[in-house]
Amino acid sequence: ERMNILLVTQYFWPENFRINDLASGLRHRGHEVTVYTGQPNYPGGSFFPGYGFFGRGAETFDGVRVIRVPLIPRGSGRGARLAVNYVSFALFASILAPFRVHGDFDVILVYEPSPVTVGLPALVLKALKRAPLLFWVQDLWPESLVAADAVSQNWILAGIERLVRFIYRRCDRILVQSRAFVGAILRYAIAHDRILYFPNSAEALYQPLALEPNAPEREKMPAGFRVMYAGNVGAAQDFATILGAADRLRDETAIQWVILGDGRSRPWVESEVARRGLGHSVHLLGRHPVESMPRFFSLADAMLVTLRRDPILALTLPSRVQSYLACARPIVAALDGEGARVIQEAGAGLVAGSGDPDALARAVLDMYRKPESERLAMGQRGRRYFEQHFEREMLLSRLENWMLKVARNG
């Protein structure tokens with residue numbers, strides 16, 4: 001049954017977020033999909049070429065209609081400037097909703113990595129369109145703000161908590177990317193049957209593959225046993241622990257650390273690599289297009305995922321775990337909580353606790369000393385687990401069924 005679906009998200013293509021793939025997936029299943037979003041400026045902090053404050057108001061992406069509103073770009077992505085970025089999108093998207101978003105919709109889905117304020121324009125649209133609202137929580141607020149050291153003043157946190165309660169209570173369903181989020185949402189007196197577990201998948205391009213001998217990615221790789229990290233280089237990812245482990249293994253010259261990605265902590269990581277004299281074993285390769293990720297992964301001996309030690313981050317399942325599993329790569333993790341549980345349950349790798357460079361160094365050394373056949377088996381177990389729990393088409397069908405149900409019955 002065909003639906004007319006409205007996705008509300010502060011971030012969208014050409015920014016690289018999982019919502020892009022979800023929008024495509026729903027469109028390819030025959031639904032009419034419209035995305036209401038901002039002008040792209042993540043992660044660099046300035047508008048992408050061809051966009052601006054009064055940039056493109058409308059365009060299409062893979063058959064999806066995209067409606068854009070102005071916002072103040074995030075700049076350095078810190079403090080007041082980031083708050084202005086969040087508020088500006090919520091404000092412009094709310095005010096312009098009646099004028100920019102035309103037509104009727106069967107259902108509205110909100111994609112919510114930070115900030116939770118993306119829910120405000122969605123509530124305006126819910127009232128305007130009389131359509132049921134599904135809210136997909138990727139980041140818990142205000143908890144994630146505390147974890148990122150972004151806010152510590154109690155009066156601000158109390159205000160954000162009131163806002164979160166206001167938004168959650170007006171949603172027809174709340175979708176959570178991690179089972180461990182449920183408790184945090186129940187706190188707001190939300191009925192248990194309105195909370196649904198909807199984890200991230202990985203784009204279909206994340207598959208095990210064998211790279212041709214002359215692939216350009218090979219030239220970028222150091223020789224040796226490659227431990228590869230792919231993703232955001234930020235405070236939550238705890239590079240202090242990664243560099244601490246690399247330091248402890250500096251005499252194991254075969255072990256090489258390859259970091260793909262960029263983020264706020266990159267300048268600090270670079271200076272720390274120089275200060276500790278780790279240039280021979282830690283390689284920062286910067287950001288690469290998402291299409292090349294599975295190609296890089298195929299050249300890794302183990303994939304690395306880390307999160308800072310924090311009770312809130314322990315509830316999160318970092319979506320790179322799904323990408324690693326999908327590519328059938330063995331994983332070394334410095335994680336607590338949900339991420340650790342998934343990797344252990346899948347039998348896909350070795351887990352050290354968060355924030356423990358000694359334990360991470362031991363896990364990497366242990367992985368390095370395992371026979372290749374054993375690492376291969378871990379990767380294959382991970383791929384099977386991915387197909388069972390996170391496979392894209394299965395999750396799209398699940399979402400479709402929920403949408404149909406809520407569109408019919410509210």
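Student: How many salt bridges does the count come to?

Tutor: The count comes to 29 salt bridges, where a salt bridge is a side-chain nitrogen of Lys or Arg within 4 Å of a carboxyl oxygen of Asp or Glu. Keep in mind that this is a predicted model, in which local features need pLDDT of at least 70, side-chain atom pairs count only at pLDDT 80 or more, and totals for chains, interfaces and linings use all residues. Residues are numbered from 1 along each chain as its sequence is written, and side-chain values use heavy atoms, with hydrogens and water left out.

Student: Which residue forms a salt bridge with Glu-32?

Tutor: That partner is Arg-2, and the closest N and O atoms are 3.0 Å apart. Glu-32 lies in strand β2 (residues 32–38) and Arg-2 in the segment before β1 (4–8), so the pair ties together parts that are 30 residues apart in sequence. Strands (E, at least two residues) and helices (H or I, at least four) are DSSP runs, numbered from the N terminus.

Student: Is Arg-2 buried or exposed?

Tutor: Arg-2 counts as exposed, at 55% relative accessibility, while Glu-32 is partly exposed at 33%. Buried means under 20% relative accessible area, exposed means over 50%, and partly exposed is in between, using a 1.4 Å probe and protein chains only.

Student: What does the salt bridge between Glu-393 and Arg-392 look like?

Tutor: In that pair, the closest N and O atoms are 2.9 Å apart. Arg-392 is buried, with a relative accessible area of 15%. Salt bridges that share partners join Asp-21, Arg-29, Arg-392, Glu-393 and Glu-400 into one network.

Student: How do I read the packing of two helices, and at what angle do α2 and α3 pack?

Tutor: Two packed helices are described by the angle between their axes and the distance between the axes. Here α2 and helix α3 (residues 119–129) pack at an angle of about 15 degrees, with their axes 8 Å apart. That makes α2 roughly parallel to α3. Axes are lines fitted to C-alpha atoms, for helices over the stretch in contact, and angles run from 0 to 180 degrees between N-to-C directions. Angles under 35 degrees count as roughly parallel, over 145 as roughly antiparallel, 65 to 115 as roughly perpendicular and the rest as oblique.

Student: What is the phi of Ala-189?

Tutor: Ala-189 has a positive phi of about 60 degrees although it is not a glycine. This residue is in the loop between α6 (182–186) and β8, and at 56% relative accessibility it counts as exposed. Ala-328 also has a positive phi of about 60 degrees, but Ala-328 counts as buried, at 12% relative accessibility.
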